[in-house]
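Hi,

Here is the structure I promised to pass on. Have a look at it first, and then read my notes below.

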Amino acid sequence: MIAIERQNSVGFLIRSMSNLLRRKMTELAPPPGDRNGITETECLIMGFLCDHPDRELYQRDVEEVFCIRRSTASRFLQNLEKDGMLTRQSVPQDARLKKLVPTEKAIAIHEDIAEKFQIAEALMTAGLTEEELAQFIATARKIQRNLLE
């Protein structure tokens, strides 16, 4: 294994960028009280659901996309449901499955948060070429797959 200074390690850089992104999003997005008390992760889940109105999404989709365990996804979804941000609707093909449907309240909040996310995305990618961005995404996906193994 190659010796790397801790601050130049992949894990350190990912954690550092995550902290910076969280801080920037807090600056841009309204404080939690203005989002009806939903957490950052719940905002991301709600955004995922709102961004795909053409798809039937289920808890397992949330688990996969966010790389979270069933119990964690269940807790987040229960909170969103309790806060009036989503409903769970039965589907005819399988009584056990519940389709996740964002409410009008969720869609209204999501529109504001999505705007802030686009601003943050523009800040993060400023000065990067399309090639550099594509390479970064490909590399990040490889790291993600490695961590899932």
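Which are the buried residues of helix 3 (residues 59-66)? They are Gln59, Asp61, Val62 and Glu63, where buried means under 20% relative accessible area, exposed over 50% and partly exposed in between (1.4 Å probe, protein chains only). The cover over these residues includes helix 2 (40-51), helix 4 (70-82), strand 1 (86-91) and strand 2 (94-102), with contact meaning heavy atoms within 4.5 Å. Just after helix 3, Cys67 has a positive phi of about 50°.

A word on the source: this is a predicted model, in which local features need pLDDT of at least 70 and side-chain atom pairs count only at pLDDT 80 or more, while totals for chains, interfaces and linings use all residues. Residues are numbered from 1 along each chain as its sequence is written, and side-chain values use heavy atoms, leaving out hydrogens and water.

As for the overall fold, there are six helices and two strands, in the order α-α-α-α-β-β-α-α along the sequence. Helices (H or I, at least four residues) and strands (E, at least two) are DSSP runs, numbered from the N terminus. Of the 149 residues, 26% count as buried.

Among contacts between residues at least 6 apart in sequence, 50% join residues at least 24 apart. The C-alpha atoms fill a box of roughly 55 × 35 × 25 Å, taken along the principal axes.

One more detail to look up: Phe12 is in helix 1, and it counts as partly exposed because its relative accessibility is 40%.

Enjoy exploring!
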